[in-house]
Amino acid sequence: MEQKYLQLLAKEYPTIQAACSEIVNLNAIRQLPKGTEYFFSDLHGEYEAFLHLLKSASGVIRAKIKQIFDNTLSEAEQNQLANLIYEPESVLNCVELFGHHDSMEDWKRLTIYRLVLVCKEVSSKYTRSKVRKKMPPAFAYIIDELLHVNYDDGNKKVYYNEIIRSIIEIDGGDKFIIALCKLIQNLVVDNLHIIGDIFDRGPRADIIMNALVSFHDVDVQWGNHDISWMGAASGNRALMANVVRMAISYNNFDVLEDGYGINLRPLSAFAAEVYREDSCERFLPHILDENEFDTVDGDLAAKMHKAMAVIQFKLEGQILERHPEYRMADRSLLKEVDFGAGTVKVDGQIYPMLDTSFPTVDPAGPLKLSRGEEDLMNAISASFDHSEVLHRHIKFLYSHGGMYKCANSNLLYHGCIPMTADGNFDTIEFDGQKYSGKGLLDFLNGQVRAAYFLPKESPWWQDASDFMWYLWCGPKSPLFGKSKLSAFEHYFIEDEAVHKEILNPYYKLSQSEEACCRILEEFGLDPEHSHIINGHMPVKIKDGESPVKANGRLFIIDGGISKAYQSKTGIAGYTLIFNSHHLALAEHKNYMNQEQALRRDTPEVKIVERMRSRLRVADTDIGAALAAQIEDLKALVAAYKEGEIKEKIE
Ligand SMILES: O=P(O)(O)OC[C@H]1O[C@](O)(COP(=O)(O)O)[C@@H](O)[C@@H]1O
Ligand SMILES: [Mn+2]
């Protein structure tokens, strides 16, 4: 086996010389400082805020500019340079329109010079070859030259001035400026981790997904909302109803129609007809964002919302009939409604209902879809099936995602590791086999993949697809972590006590360092130097809550990028930044207008842990992989020397 492997390796490194220079190269890379990782969670469709955080590296680019130019540029000039880096195309357009044309060339020359300085700073910790690979090929040679120039060397000065002059002469220099800005953006964020919940509540998750798909290095830990979309795309109709219902409830028509091409015409026709006498006032959407392309009036939206909710409750009831093993029969609430009395029984208690109009429900068989509902779901299901963009995004979530990830001594997952009140890992049983802790998450990874990739004719597909719904809202789902999802209660019952969703014991237990250490060990990480990073629970800063828990072992970074949650948290989200020096939390402020938006670039940055010495690539997962490659190459050199493998000298 080893001989075979070495033979293969010999194809890439045909001589001792070639293998040895790669060893030198890999050793050198291991000595470089570790790249900077960025962690975000709970983006919830807020594409404007997220794209800005990504382009500005959550304030890090602005901070670098300050560091380089504080003595030479005014605050306003520093802001302008930062804005140019974030939005080069639109800033250049404004400059062309409003700038003084006779001084334009000077402005561009100066700008290129400043951008090169920023680029030098942000590329300093990478190898020349890594930086070069990130450059657009057309400009790679020139940028490389400019980055490595000593501007005090008089001999070269003329040469470099000439390069810049001719760049500007050829096409005005715009393309070059744009290339430099994008390179800076790209270099500042080495990897991106998204700890779940890209979808729902905010306007355009599809735009966020497009940005992630084209990002150079990103992984996603699935959140309950992502799973719900993945399940919908896999063909689960209850989840299709769920995502459509949630989108309508936040007035997010654009993501459905313009983003994913889900045709809502059958739904609007159905709802307008079936609920024409019903004001559906419990179903008026929250309006946080206006739709650009598809504006639907509030009354009709409420009818569509209710139509979808009723279908969802029926389809969920059907899943529960198929799966007594979920032990959620009490969640089939349509079956608990007394349609004559207008009441519903929840947890053994009878409550009056706030809305008793159910024109499509047959009290004798409340879970059965009416003929119209059946036709409607056929149409919606065809839209989900046929959406090319949706499937591109979902496949990306599969290829770049998972239930959890261990990355450089951090354990990332969205919700929780299900636990029992006495502090043990809770178990879920499948086919007589019990799973808990890491084993459970590994097993679920396979189930999630089965739901999408098994053909629908497979005898296992239905169960796998139903299980996606369990992961969305089941009491032992690591993505959900709550006793129940009380959407039904919110719509129909006034008494708030029955709305309460009880958190999995994990959330209390994980406040203690001891429990976090146990979880880290379960996942094979050294508890002394590792952290857990979660999303899912909005951290209510304004009530004095902290995102740093368990003596610094656990970070919960759902700070409310989602507008719907900013009034709860009091801020507009967190970015966790892990560079070679420290782990830091950038706390973003709410911004309501353009002027305030500028302040997004100066988040409050709190260093939460300083590294004892500067971390190098050698200290990371990639460093470990490089060390293994070095060992392999050494074995190859030995095989060459001992004549086991012959060098191929041309
Ligand atoms: O506030 P909304 O959007 O109506 O949704 C409330 C529901 O969302 C949930 O919080 C789940 O969403 P999160 O994963 O974003 O917390 C449920 O627990 C809750 O019932
Ligand atoms: Mn969540």
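**Strands, ligand shell and loops**

Student: Which residue is the bridge partner of F40 in strand 2?

Tutor: The bridge partner of F40 in strand 2 is I194, and please keep in mind throughout that this is a predicted model. The two strands concerned are strand 1, residues 37–40, and strand 2, residues 191–194, which run parallel and are joined by 4 bridges.

Student: And what does I194 stand opposite in strand 3?

Tutor: In strand 3, I194 stands opposite V220, while H193 stands opposite D219. Strand 3 covers residues 218–221, and its pairing with strand 2 is in the parallel sense, over 3 bridges.

Student: What kind of unit do strand 2, helix 12 and strand 3 make?

Tutor: Together they make a right-handed β-α-β unit, in which helix 12 comprises residues 205–213.

Student: How many strands form the open sheet, and in what order?

Tutor: The open sheet has 7 strands in the order 7-3-2-1-15-16-17, and the pairing is mixed. At its edges are strand 7 (401–402) and strand 17 (604–610), each of which pairs on one side only.

Student: Changing topic, which strand is L411 in?

Tutor: L411 is in strand 9, which consists of residues 410–412. Strand 9 runs parallel to strand 12, with 3 bridges joining them, and one of the residue pairs is L412 with its bridge partner I533 in strand 12.

Student: Is L411 buried or exposed, and why?

Tutor: L411 counts as buried because it has 25 C-beta neighbours inside 10 Å, where the cut-off for a buried residue is 20 or more. Apart from neighbours within four places in sequence, the residues in contact with L411 are Y404, C406, L520, F523, L525, S530 and I532.

Student: How far is L411 from H531, C-alpha to C-alpha?

Tutor: Their C-alpha atoms are separated by 6.2 Å, although L411 and H531 are 120 residues apart along the chain.

Student: Which way do the residues of strand 12 point?

Tutor: From strand 12, residues 531–534, H531 and I533 point one way, I532 and N534 point the other way, and all of these are buried. In a regular strand, side chains alternate between the two faces of the sheet.

Student: What else does strand 12 run parallel to, going by its 3 bridges to strand 14?

Tutor: Strand 14, residues 554–556, runs parallel to strand 12 and is joined to strand 12 by 3 bridges; the bridge partner of I532 in strand 14 is L554.

Student: Now the ligand: which residues are around ligand 1?

Tutor: Around ligand 1 are D197, R201, N224, H225, K482, L485, S486, A487, E501 and H536. Sorted by class, that shell has 4 charged, 4 polar and 2 nonpolar residues.

Student: How is the chain divided into domains?

Tutor: The protein chain is divided into domain 1, made of 2–31 + 619–641, then domain 2, covering 59–188, and domain 3, covering 205–487. Taken over C-alpha atoms, the centres of domain 2 and domain 3 are separated by 47 Å.

Student: Which residues of helix 4 are buried?

Tutor: In helix 4, which spans residues 60–69, the buried residues are V60, I61, R62 and I65. Among what covers them are helix 5 (75–86), helix 7 (104–123), helix 11 (174–188) and strand 15 (574–578).

Student: Where is S58 found?

Tutor: S58 is found in the loop between helix 3 (47–55) and helix 4. The phi of S58 is near 50 degrees, which is a positive value in a residue other than glycine, and S58 is buried, since 29 other C-beta atoms lie within 10 Å.

Student: And what is the phi of D431 near?

Tutor: The phi of D431 is near 45 degrees, again a positive value in a residue other than glycine. D431 lies in the loop between strand 10 (428–430) and strand 11 (433–435), and D431 is exposed because 6 other C-beta atoms lie within 10 Å, the cut-off for exposed being 12 or fewer.

Methods
Residues are numbered from 1 along each chain as its sequence is written. Chains are lettered from A and ligands numbered from 1 in the order in which they are written. This is a predicted model: local features need pLDDT of at least 70, side-chain atom pairs count only at pLDDT 80 or more; totals for chains, interfaces and linings use all residues. Domain bounds come from an automatic or database domain assignment. Two residues are in contact if their C-beta atoms, placed from the backbone, lie within 7 Å. Two strands pair if DSSP finds at least two bridges between them. A crossover is right-handed if, with the strands pointing away from the viewer, the path from the first strand over the helix to the second runs clockwise. A residue is near a molecule or strand if its C-beta atom, placed from the backbone, lies within 6 Å of it. Ala, Val, Leu, Ile, Met, Phe, Trp, Tyr, Cys and Pro count as nonpolar, Asp, Glu, Lys and Arg as charged, and the others, Gly among them, as polar.
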